[in-house]
Every structure is written in C-alpha cells, then in structure tokens.
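Let's take a friendly walk through this model, from its charged pairs to one of its helices. Have a look at the fold before reading on.

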Amino acid sequence: MDLDGSLWNVLTNTDEYIEEDRRYRRPVFGYADWKRHRSAQRFTKNLGSLPVSTTIRANWKEVTSAITVAIALCLWNDAESVTNVLNLGPEAMTFARNLPDLSLPALPFTLSSASLSLLLVFRTNKAYERWWEARCIWGAIINTCRDIVRQSLVRMDPKDMALKEEVTRLVSAYPRSLIYHLGERTEISNLVIEKKYRKILTDEETERLLKCTHKPMTVTGMLSNAIHRAKLPVIDEMKIDQDITKFSDYYGMCERIFKTPMPLSFTRLTSRFLSVWTLALPFALYGAITPHWLIVPITAFIAFFVFGIEEIGLQIEEPFSALALNAMADGIDASIFEALEMEKKDPFMFEPRGGWKRADAQPRKIDVSTIKSTPSQEPKAVASISEVDVTINEAASEPAAAAVIEAEPELVAASMVSGAATARAAAVVAAPAPAVAASPAPATTPEAPAQVQLGGGVTVLERTPEKAREDGKRTYPPYWPRHLIPPEDL
C-alpha cells in the first residue's frame, strides 16, 4: 500500500503506518547516540516531536472518542448558555433549561484508578520482560555464532580451508534464517531471504534452504554435518557440537515467545476497563472543574497518556519486529568473515603462541633395529592402551622428543599442543598380551632423542625447539588434568 504521509492517509491506514513505523524504531546505540539520549535538550526535543508521535497516531481513535464525549457533555450540560450565544429562540431556550445535568461522582474513579494502574503496570512490565528475554536470546546467538567460527578456525586442520569457509557461511545463514522464521511471510520477505542466501551461500546450499520449511533447524543440521566431515578429535567435535546444540535451544526459545502471547483474557480486560474508565471520566470532571470547557483538553491529555501506556505494552509484547535483528546479523557477518579472511592469510594466526604445527606434526617411522635398549628386570604385560599422552619439558635442549607406543593393529599419533611436544595415540591391544620388556630411557643428548621401547613397531614424533618459559616450569596442554600436573609446575 502506498503511504503518502498525508493526514487523511494516516487516519485511514493507521495499522499500516504502525507496522511501517516499527521498521524505523529499532535503535542500535553507539556512544554518540547515548550522548544524545542523555542530553539536557532531550526535554525540548521530545515535546517538540509530540505532534508526530507514533503513540498519538496509533491511539488517535481512542483519544478522539474521549474528546468527543467531553465536548458532547459540555454542550448538553451548558445547553442554556449555548442556546443563548447562538440566539436559537425562546423554544430552544425552554428546551435547554429543562435538560438534566449529566455528571458522576469522582469517588468511583478515585477507587478504581488504583486497580487500573496495577493492570497497566503489570501488562507493561510483562511485555518488557518478553522484549528483554528476546534481546538476551539474540545476544547469546551473536556470541555463539562467533564462538563456533572461532573454534572451527582453531581446531580444524589448516588444510581444511574449504570446510572452514562452509562453517562460516552456514553460521552466517543461521541468524538470517531465524529472522525470516520469526517474521511475516510475504513476497518481499521471500525475495529478501533468497537474496541474502545467494550473497553468502553456494547455489546448492541456497536451494536446499529455500525448499525447506524450518530453515533454522536445517541450517543447524548442515552445520553438524560439516563439523562431522572435519574428522576432528572427539573432544574437539564435542566442544563445537555443544555450541551447535545451543542453536536448537535458541530458535525454540524464540518460537515460545513468538507463538505464545500474553493471556488474551487479561489483554481484553485491560483494554475494556481502560476504555470505559476514560470515556466516563469527563462526567466526573464536569462538576470539579470550572470553567467546564476545560474538561476537553484535560480529558484529551489523560486519554493520550493512559492509552499510550497500553500501546507501549502492545508494541513490545511481540519483540522480534521491534528489535534491530538485521543489524545484529550484519554485526555477526562482519566479525566472522573478518576472522575467516585473517585465517586465510595466516592459517596459524589463531593458534596459541609457539603452538600447534599441525601441518608438520606427522609421525616418522624408524627401524626398530636402530634402537638399543636393555631388557627391564621387571617386565610388565600391557592389556590395553586407550590414550597415551607424553609431554616433554619445554626447556629441554634436545632437538626432538620421541614417543614410542606399541599398538595393534595401528598406532595413531596426534598433533603437538600448546608449547609441549605431545603424542596422543588411541589403540586397543587384545588382552591378555604377552609380557613386554621395557628398558630405562638412556641419557639424552642433543644428538640422540629420548626413546622408550614397548616392543614391536616404533613411531617417533618430532618437534621443533621452543623457548622455555621464563620461570623454568613445564608447559602443559589446555586439556591436561590439573591433578596430573606436578606441584612444582603449577
């Protein structure tokens, strides 16, 4: 509908103006906005904008009705004076003199005003709680989107850049999908979401999302598939999946607010009570105010503010069309795509200092015959190995640290972690296994790395020399259990 802004257009298309105005009442504050908000000029500016107030445009029918009742009351009760001024003749004067005065005592309004105030305050407070809950949910969505991208950039192998890009695209699509899911479905909204999808997603991803009904849930499933294809360690995948699970919680919370209004009986009672109270108010004011015509502006003033309070509750009861969701989604895009571009320029930018050299941390096989060892006097049988972590002191002078683990049928070595050469392997050896001799590790020199023999195949994981901590303590991986760290290294 064409909204030309004329007075007649505003009066005849009130609902369209209210909905259109909501698009421009979604502030995202910066420091300059806060300065203007608390400026000493705010009083004059707010009073100056009163004629174009959205609340007046939304409640003009209610306010006009109250004014009409006040004018009609004045004309009825003061009919003799009006007839005399207009010189309508003796018959009209006689008729006017015989008209009874219409008025009500002020006591019922005094007693009922407290109940009306409680209804209005309760309704406004509950509506604000819904608005604030929606804002908190979207604040959590912003944080979770950034965290998923951060973890993906750090935990995925630098060679998996295509997967990192896919995860970033899908994370960007989540808030856009949720905005569409919580909004009005129109031709324009369908075109807008398709345009936004094609801007950030591939054609295949776009077509898949456009065909589905519940777009946020579909995006969440696509994200889970992308993380699964990265073949991350179990702990890393669990950490990212916990954030993806929050996405399901978030759109469930939003749906709860969006699909469940405040009890309709409460809303209707408040509206009926307020309407009757305001329309009857001039009858109580007539006997208390002189000259009587002053009840017209006073009634208009009171009606404007009490109906305005109710209007505020109505406007924020459904918060998603009142919040700056598109601005929040733009902020998410700006931060996550910037992080992705930084990762493309330097795949190790987000790693800990001196941290993971995952591209170089490949196990090197050596010949068992080259290792000299003395059988231990107390051989021990190894039934199973579930996980092995070997951490070498960062201050060690040797150029390489060796971890030797026997596995059946295959030994898997993981990457170096957080300034310490760490070999992580998972394997299962059928029990009972034959006793395996282990020899004391020989003294290490810069030429010979430390060696441990468990028998069978041998794997050595090299590491580059790293600078020791200034306090001389060992550096442990972030996942290392605290109770396994010696007291001198805490």
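Helices (H or I, at least four residues) and strands (E, at least two) are DSSP runs, numbered from the N terminus. The model is a predicted one, where local features need pLDDT of at least 70 and side-chain atom pairs count only at pLDDT 80 or more, while totals for chains, interfaces and linings use all residues. Residues are numbered from 1 along each chain as its sequence is written, and side-chain values use heavy atoms, with hydrogens and water left out.

**Salt bridges**

Side chains of opposite charge can pair when their charged atoms come close. The criterion here is a side-chain nitrogen of Lys or Arg within 4 Å of a carboxyl oxygen of Asp or Glu.

| Pair | N to O distance |
|---|---|
| Glu 133 and Arg 256 | 2.7 Å |
| Arg 176 and Asp 330 | 2.5 Å |
| Lys 344 and Glu 341 | 3.7 Å |

Glu 133 sits in helix H9 (residues 107–155) and Arg 256 in helix H14 (residues 234–259), so their bridge ties together parts that are 123 residues apart in sequence. For accessibility, buried means under 20% relative accessible area, exposed over 50%, and partly exposed in between (1.4 Å probe, protein chains only). Glu 133 is partly exposed at 28%, and Arg 256 is partly exposed at 42%.

The bridge between Arg 176 and Asp 330 also links distant parts of the chain, with Arg 176 in helix H10 and Asp 330 in helix H17 (residues 325–345), 154 residues apart. Arg 176 is buried at 7% relative accessibility, whereas Asp 330 is partly exposed at 42%.

Lys 344 and Glu 341 are three residues apart in helix H17, so about one helical turn separates them. Salt bridges also form a network that links Glu 194, Arg 198, Asp 203 and Glu 207.

**Helix H12**

Which residues of helix H12 (residues 203–211) are buried? They are Glu 205, Thr 206 and Leu 209. These residues lie on the same side of H12 because they cover an arc of only 100 degrees around the axis, taken from the directions from the helix axis to the C-beta atoms. They pack against helix H10 (161–181), helix H11 (187–200) and helix H13 (215–229), where contact means heavy atoms within 4.5 Å. On the face turned away from that buried side, H12 carries the exposed residues Asp 203, Glu 204 and Lys 211.
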